[in-house]
Amino acid sequence: MDNCIFCKIVRGDIPAKIVYRDETVVAFHDISPAAPIHVLFIPVEHIVKLSELSIDHANLIGEIHVRIAKVAAELGLQDYRVVSNCGESVGQSVFHIHFHLLGGRKMGWPPG
């Protein structure tokens with residue numbers, strides 16, 4: 001998508017502090033972190049929101065979560081939270097699916 005900020009990061013049109021990249025997944029530090037460690041994981045493929053996923057995306061979503069665990073370990077996180085929002089009313093502000101890796105501080109439930 002031409003106007004999608006995450007697609008622009010994937011293409012290299014917008015700089016980001018990349019922590020992981022392969023042919024299907026890109027991970028980078030959030031520019032407005034909600035925790036000491038806040039990394040976003042996105043698929044290279046533009047998918048607007050979780051409700052658009054199909055069984056054909058099962059491997060992709062599994063790969064993203066394996067990458068999250070790998071990066072969390074590399075960043076020294078033993079405990080962490082993974083969050084993904086589906087829709088504007090619950091906080092999705094960029095319409096390209098993404099997963100927030102949050103850690104480095106004690107977190108409560110429910111989240112703020």
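Reply: Happy to, and here is a walk through the salt bridges one by one. Please keep in mind that this is a predicted model. The structure holds three salt bridges.

Let's start with the pair that spans the chain. R67 forms a salt bridge with D22, and their closest N and O atoms are 3.0 Å apart. This pair links distant parts of the chain: R67 belongs to helix α2 (residues 58-74), while D22 sits in the loop between β1 (18-21) and β2 (25-29), 45 residues apart. What about burial? R67 has 17% relative accessibility, so R67 counts as buried. D22 comes out at 18%, and therefore D22 counts as buried too. The cut-off behind both calls is under 20% relative accessible area.

K70 has a relative accessibility of 40%, so K70 counts as partly exposed.

That leaves the pair of R11 and D13, whose side chains meet in a salt bridge at 2.9 Å, N to O. R11 counts as partly exposed because its relative accessibility is 42%.

To put the burial side by side: R67 is buried and D22 is buried, whereas K70 is partly exposed and R11 is partly exposed.

How values were computed:
Residues numbered from 1 in each chain as written. Predicted model: local features only at pLDDT ≥ 70, side-chain atom pairs only at ≥ 80, totals over all residues. Heavy atoms only, no water. Salt bridge = Lys/Arg side-chain N within 4 Å of Asp/Glu carboxyl O. Buried < 20%, exposed > 50% of the residue type's maximum accessible area, 1.4 Å probe, protein only. Helix = DSSP H or I, 4+ residues; strand = E, 2+ residues; numbered from the N terminus.
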